[in-house]
Protein chains: 2
Amino acid sequence: MNTKEKIVAAALEVYNREGIRTVTTRQIAQEMGISAGNLHYHFKHTEDIIFTIFEELQRDYDEMVVLFDQKDATFQELLQEFTEGSYLLINKYKFIFANFVEICTWIPAIGDAYRTLVARREERFISLFEHYSKLGMFRQDIPIAILKGFVRQIFIISDFWYSSFAVLGGRFESDALEDYRQTIEVAFYPYLI
Amino acid sequence: MNTKEKIVAAALEVYNREGIRTVTTRQIAQEMGISAGNLHYHFKHTEDIIFTIFEELQRDYDEMVVLFDQKDATFQELLQEFTEGSYLLINKYKFIFANFVEICTWIPAIGDAYRTLVARREERFISLFEHYSKLGMFRQDIPIAILKGFVRQIFIISDFWYSSFAVLGGRFESDALEDYRQTIEVAFYPYLI
DNA sequence: ACAAAATTAGAACAATTGTTCTAATTTTGT
DNA sequence: ACAAAATTAGAACAATTGTTCTAATTTTGT
């Protein structure tokens, strides 16, 4: 792991632990035992570090999404994979989810990338639902407008569940996964057969 | 309106417009034409301003919630009132919803107050659902565990809808209300009769 | 009307922050 | 082996920030 990668790893850890409000580049450098000057030799601006972390998140996400292509899985299996996969992502990049609005306005490139991602994600979900409708595992009587709204709803829940969990004072990791799993499950509950 | 109230009003406006990251007490003071020294005479710490705004939000919320007590309304009417009322709140205090995690960790008293509010809100919703179940306007076959999960879901959506709307690049206010209304409606869709 | 209290502006302070500069050291390619 | 390029530490810079201090002005209560 070269210095650049070490900086990214250290930044991710410190941001996750303390949030973006109080953490400084000096602190990140200090925690990993290099000078602040050195850190800024590798990343001219703090934004560049965060953007690099976001790119990592995107790569992780793409890897996870590949798993959805096993079209022979039952809907329940798929749902479980989605839940576990997205939880891992949310947990790994906590601070991004917890400060998403601020980060997106601070670093517009991240907002743009997110919007592109959402568009792709939306289509994928709709087509999955249609697929599983035909297999009789997902309700067929849902109007398309509602279905789109439901997808939106799932995204709000999965993208901001951690924010909610955090403000509700959630701490322990075991609680966290269970809470997330249940929230997603309940959202799907009325749509499954 | 005395200076203290003016500061609160100005802070709310500036925070809503620019977020909490870049706004300084100096800027707030300048925009309202008073000195920074004067501002800090009225509010020793920036946190005190934000906490005061949060107290205002709580008062507004309590006022809104009173409207729910007309037990002769149909569920549809109640839902519409909830949607419009909560939208007004979210819109008025945008910046709090957009930076909720950060604010709650920065100012623990706000986190505490929120958690108390949530507990009250939860009970109220459950009892409303039970009431309307008996009247045949809300599904009766929902297990209590799911019902609680559903309430949680509604809270995530209403508390973080604005965050989602903001990162998706939403701007125009007319779009905003329509988007919020639809999201809430879709969430209730499978539970109504 | 006038003393005490409240309010205000503006200078000043002290700490912090992201970033740059400089000079030394290390690594790399040939 | 050695010149060029990359990396590093630490000092330095420039700007900013929340907050305090001081002295003047205004308001309030009697």
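Biologist: Which residue of chain A forms a salt bridge with Arg152(B)?

Modeller: A salt bridge is a side-chain nitrogen of Lys or Arg within 4 Å of a carboxyl oxygen of Asp or Glu. In this predicted model, Arg152(B) is paired with Asp179(A), their closest N and O atoms being 2.8 Å apart. Between chain A and chain B the count is four salt bridges.

Modeller: As to conventions, residues are numbered from 1 along each chain as its sequence is written, and chains are lettered from A and ligands numbered from 1 in the order in which they are written. Local features need pLDDT of at least 70, side-chain atom pairs count only at pLDDT 80 or more, totals for chains, interfaces and linings use all residues, and side-chain values use heavy atoms, with hydrogens and water left out.

Biologist: What is the area buried between chain A and chain B?

Modeller: The size of an interface is often given as the accessible area lost when the parts come together. Here the buried area (accessible area lost, 1.4 Å probe, summed over both parts) is about 3500 Å², with carbon and sulfur atoms giving 65%. Arg21(A), Arg152(A) and Val167(A) supply 21% of the area that chain A buries against chain B.

Biologist: Which residues are closest to DNA strand C?

Modeller: A residue counts as near if one of its heavy atoms lies within 4 Å of the strand. DNA strand C is surrounded by 17 residues, the closest being Arg26(A), His45(A), Ser35(B), Tyr41(B) and His42(B).

Technical notes. Buried area is the accessible area (1.4 Å probe) that two parts lose on being put together, summed over both.
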